[in-house]
Amino acid sequence: MVRQPLIEVRGLVNRFGDHTVHEGLDLDLYRGEILGVVGGSGTGKSVLLRSIIGLRQATAGTIRVFDQDLATLSPRERSQTEQRFGVLFQTGALFTSLTLQENVALPLVEHSGLSRDDAEHLARMKLALTGLPAQAAQNYPSELSGGMVKRASLARALALDPEVLFLDEPTAGLDPISAAGFDRLLRTLRDALGFSVFLVTHDLDTLYTTCGRVAVLARGKVLVADSLGQVEDNPDPWIQDYFHGPRGRAAADAHKRLSREDH
Ligand SMILES: Nc1ncnc2c1ncn2[C@@H]1O[C@H](COP(=O)(O)OP(=O)(O)OP(=O)(O)O)[C@@H](O)[C@H]1O
């Protein structure tokens, strides 16, 4: 059976002045998958994410989302399409002057026409879904640990039941235990809710524990997008260094050990 991509990027070009970031980049995201997007610093992972979610107009190329060409959508259609996305940026980007419950309720009030009371009720459910204790709903972001803020940001990204979740380095800045907890949570929620994930990360443990496929960006393109096993075997020097250097080996070994313990 031929799998239809939910997102299809073709011939993407992004330039800033005479600096070319993407030069004919192709990438697909399939329904229900967690796609890890990796690459050296400055290879354009965030610019790619921003182009897909409509925060940046690409210099050239096409981006089809849910079988529609982003460039041909009216502002209204674009806004409807964007509501099918959930986004979690690296900083979490919660409003510091709002409680967690108010933060998560905000998109619900804005986009789904719920009353404030109903939105806050639903917000508490979303926060519980991400594993936060009930009382955290009344806390302000500054009162919580980094891991809890990440969970709350995830709850906000999930507020409108998105079909695709975009995450930009979600475990950056978390201690390894909180990071592993976040990875597990992401897998569990994907299994339960069925969304697809576009995950920009530098975290090798995240790649090994959560991603079904991995796309490697280098030299303006996607060098390879495949299962980890296939990607690890790619002879490109950056890929070899990344996956077979000391950190890559440690992450692969830890994953093998955990898989054995699970069986
Ligand atoms: N608004 C902008 N104006 C000019 N250059 C930009 C802009 N946004 C990104 N760039 C450049 O595009 C390149 C890719 O940036 P991007 O943030 O996508 O990299 P990245 O792969 O996400 O890097 P990192 O892993 O370090 O986060 C960088 O050289 C960056 O300086």
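This note sets out points on a predicted model, covering its domains, a pair of helices and the surroundings of the ligand.

1. Domain layout. The protein chain is split into domain 1, made up of 30–55 + 72–84 + 165–263, and domain 2, which spans 87–161. Taken over C-alpha atoms, the centres of domain 1 and domain 2 are separated by 23 Å.

2. Contact between the domains. Domain 1 contributes 16 residues that are in contact with 13 residues of domain 2. On the side of domain 1 that touches domain 2, the elements giving two or more residues are strand 7 (164–168) and helix 6 (176–193). The largest share of that side, five residues, comes from helix 6. By class, the side of domain 1 that touches domain 2 has ten nonpolar, four polar and two charged residues.

3. Helix 3 and helix 5. The axes of helix 3 (residues 100–112) and helix 5 (residues 146–157) come within 8 Å and cross at roughly 25°. Angles under 35 degrees count as roughly parallel, and helix 3 and helix 5 are therefore roughly parallel to each other. Their crossing is right-handed. Leu100, Asn103, Val104 and Pro107 of helix 3 make the contact with Ala152, Ala155 and Arg156 of helix 5. Five nonpolar residues, one polar and one charged form this contact of helix 3 with helix 5.

4. Ligand surroundings. Around the ligand stand Phe16, Val21, Gly39, Ser41, Gly42, Thr43, Gly44, Lys45, Ser46 and Val47. Helix 1 (residues 45–52) supplies the largest share of this shell, three residues. The shell around the ligand comprises three nonpolar residues, six polar and one charged.

Terms used: Residues numbered from 1 in each chain as written. Predicted model: local features only at pLDDT ≥ 70, side-chain atom pairs only at ≥ 80, totals over all residues. Near = placed C-beta within 6 Å. Helix = DSSP H or I, 4+ residues; strand = E, 2+ residues; numbered from the N terminus. Nonpolar A, V, L, I, M, F, W, Y, C, P; charged D, E, K, R; others polar. Axes fitted to C-alpha atoms, helices over the stretch in contact; angles between N-to-C directions. Parallel < 35°, antiparallel > 145°, perpendicular 65-115°, else oblique. Left-handed = near helix turned anticlockwise from the far one by under 90°. Contact = placed C-beta atoms within 7 Å. Domains from an automatic or database assignment.
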